[in-house]
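This briefing is meant to be read with the structure open, so that each point can be followed on the display. Please take the topics in order, from the sheet to the helices and then to the domains.

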Amino acid sequence: MFTAIKYDGSVLQLLDQRRLPEAEIWLKCHDVESVAVAIENMVVRGAPAIADAAAFALAMSASERARLPGTLADDLGVFEAEVERLSMTRPTAVNLFKVLEEFRRTLRVLAPSTLRVQVARLLTELAQRIFDEDLATCYAIGKHGLDLAREAPGVTLRILTHCNTGSLATAGYGTALGVIRSLHACGRLAMVYVDETRPYLQGARLTAYELQAEGIPYQVICDSAAAYLMQCRSVDMVIVGADRIAANGDTANKIGTYGLAVQAHYHGLPFVVAAPLSSFDVAISSGAEIRIEERGADELRLSGGKQVTPLDAPVFNPAFDVTPAALISAIVTERGIVRPPTTEKIAAIFG
Ligand code: MRU
């Protein structure tokens, strides 16, 4: 299992996911700005991992300031500007915004006279706790995901997944890929079909890299092969992650997820989301309120660094789409499975 984020108390290292699988290169970040740029450029990506990186960035910055004498009062303006900068990086995944709010809350209760060293210690503990909880949550999601197999006794499942939801997208183990890992560990997995996930190829490059490293059986398919695979009855279930889940269960995830859900519905296949409670945004009533990030044209105009469209071809490149709750069979969380995902059942799991 990989780790994509390392923090030693002064430098944040991010495994450059743009270079995988060809090269494992670690990018050293020394300040919030370099982490913000790394998030924007997808050095680090995946909803929980983005939030973890932002948390360590704020802790790192506080630790750097603590080298000089001073108090929280000296740094409140800088801190607010850093939170603002990080909040401008990627708009869709809610995990980032929850973590930023948690840092704000932590500082709000401190006296302005709190020494910089104490602030740095508190923020470092907070960042580490967020990271550790992310990891524990992924293991719990994986464990609950085994119930999906218990409902189909004796069957080894063939699962179709989209994007990368594994160790690289989280503190480790993963969400949808965590469920897949657990099924494999229990001998209940026959095959993982990995959507290549155009245009950024998180499936072909990252999910395949993780599965290959662990000897989990998989095949990469081009995104447009998914419906055919379902028609041939070669898939038992679709499992994907989430970037933001509204109070009614509508789920934003990597572009192409909605199309898969429509196809799964047509073919009578379970369509499952695996996500931590930190990916729920119960402040919004439906997916209509989710802001969908649009990314640069070159992600589509170029492939492997080569121009594949006419120069300057007009491009529409949404990074995510929203799957209506009605198309989702179940959401696997660290507290159990929400099935079907309705406003009432989602409220209940937050208990
Ligand atoms: O643009 P990305 O690569 O950050 O998008 C990632 C996804 O859509 C994942 O499916 C989602 O963040 C869940 S990761 C556990």
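Two strands are said to pair if DSSP finds at least two bridges between them. The structure shown is a predicted model, and with this meaning of pairing in mind, an open sheet of seven strands can be described in the order E6-E5-E4-E7-E10-E15-E16, with mixed pairing.

**The sheet**

- The edges of the sheet are formed by strand E6, which covers 218-221, and by strand E16, which covers 336-338, and each of these pairs on one side only.
- Averaged over the sheet, and with direction ignored, neighbouring strands are turned by 25° against each other.

- Helix H5, made of residues 116-150, lies across strand E4 (157-161), strand E7 (237-240), strand E10 (271-274), E15 and E16, and runs at about 145° to E15.
- Helix H7, made of residues 202-214, lies across E4, strand E5 (189-195) and E6, and its direction is at about 155° to E5.

**A pair of helices, H3 and H4**

- Helix H3 (residues 72-87) and helix H4 (residues 94-108) have axes that come within 11 Å and cross at roughly 170°.
- Since angles over 145 degrees count as roughly antiparallel, H3 and H4 are therefore roughly antiparallel to each other.
- Where they meet, H3 contributes residues including Leu72, Phe79 and Val83, while those from H4 include Leu96, Phe97 and Leu100.
- The residues of this contact between H3 and H4 divide into nine nonpolar, one polar and three charged.

- Although Leu135 and Thr170 are 35 residues apart along the chain, their C-alpha atoms are separated by 7.2 Å.
- When neighbours within four places in sequence are left aside, Leu135 is in contact with Met1, Ala171, Gly172 and Tyr173.

**The two domains**

- The protein is divided into domain 1, which spans 5-134, and domain 2, which spans 141-349.
- The centres of domain 1 and domain 2, taken over C-alpha atoms, are separated by 27 Å.
- Across the boundary, 25 residues of domain 1 are in contact with 29 residues of domain 2.

Methods
Residues numbered from 1 in each chain as written. Predicted model: local features only at pLDDT ≥ 70, side-chain atom pairs only at ≥ 80, totals over all residues. Heavy atoms only, no water. Helix = DSSP H or I, 4+ residues; strand = E, 2+ residues; numbered from the N terminus. Axes fitted to C-alpha atoms, helices over the stretch in contact; angles between N-to-C directions. Contact = heavy atoms within 4.5 Å. Parallel < 35°, antiparallel > 145°, perpendicular 65-115°, else oblique. Nonpolar A, V, L, I, M, F, W, Y, C, P; charged D, E, K, R; others polar. Domains from an automatic or database assignment.
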